[in-house]
Amino acid sequence: AALAAVVKAENGAALVAAGFEALGRSALPRLSLTSAIGEVHAHTLVRSLPSSVVEVLLPGVEIGDEGAMLVGTFLSSSKALNILNLNSNLIGDKGALGLAKALEVNGSLTTLRLEDNKIGDKGALGLGKALEVN
């Protein structure tokens, strides 16, 4: 049944979520996805991430502010995630501030990549203040 869910998946986020379900959300050290999924499918992807994931690479998947805020929610409770790459994801100040809030409480993340986004002064300042706390 789980294999059927994978085969029927219509987008990258659903495919990843179905794969996690098939594996029983077992340990996954690294997730790398480079196909655009947009804000709409970011929820499916983030909701399916196992708490044991250590590295999440999502460059250019176009999750936008809403997706970044969802990743921030995951990051808030993650004790394993060390590396997060959100380069080229159409993230602005709103998404950056969502990530900043998560950074204030997360103690495991050592690398955060946010190059080629739309983060302005407000988002950059929020991230900077969060890094001072953490």
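This is a predicted model: local features need pLDDT of at least 70, side-chain atom pairs count only at pLDDT 80 or more; totals for chains, interfaces and linings use all residues.
**Entry 1: helix α6 and its partner**

I looked up what the buried residues of α6 pack against, and found α5 (93-103). Those buried residues are Gly123, Gly126, Leu127 and Ala130.

Helix α6 takes in residues 121-133, and at 1.5 Å a residue its 13 residues should span 18 Å. Its end C-alpha atoms are 19 Å apart, which agrees.

**Entry 2: the whole chain**

Next I stepped back to the protein chain. I counted 6 helices and 4 strands, and along the sequence they follow the pattern α-α-β-α-β-α-β-α-β-α. Of the 134 residues, 42% are buried. I noted an accessible surface of about 7000 Å², with 55% of it belonging to carbon and sulfur atoms. Among contacts with a separation of 6 or more, 81% join residues 24 or more positions apart.

**Entry 3: the sheet**

In what order do the 4 strands stand in the sheet? I read it as β1-β2-β3-β4, an open sheet with parallel pairing. At the edges are β1 (30-32) and β4 (111-113); each has a single partner strand, so one side of each is left without a neighbour in the sheet. Neighbouring strands are turned by 5 degrees against each other on average, direction ignored.

I looked at one pairing in detail. Strands β3 and β4 run parallel and are joined by 3 bridges. Leu84 stands opposite Leu112 in β4.

**Entry 4: Asn85**

My last stop was Asn85, which sits in strand β3 (residues 83-85). Is Asn85 buried or exposed? Its relative accessibility is 10%, and buried means under 20%, so Asn85 counts as buried. I then listed its contacts, leaving aside neighbours within four places in sequence: Val56, Leu57, Leu58, Pro59 and Arg113. One of these, Arg113, falls within β4 (111-113).

How values were computed:
Residues are numbered from 1 along each chain as its sequence is written. Side-chain values use heavy atoms; hydrogens and water are left out. Helices (H or I, at least four residues) and strands (E, at least two) are DSSP runs, numbered from the N terminus. Buried means under 20% relative accessible area, exposed over 50%, partly exposed in between (1.4 Å probe, protein chains only). Contact means heavy atoms within 4.5 Å. Two strands pair if DSSP finds at least two bridges between them. Axes are lines fitted to C-alpha atoms, for helices over the stretch in contact, and angles run from 0 to 180 degrees between N-to-C directions. The expected span of a helix is 1.5 Å times one less than its number of residues. Accessible areas come from the Shrake-Rupley method with a 1.4 Å probe; for residues, only the protein chains shown count as cover.
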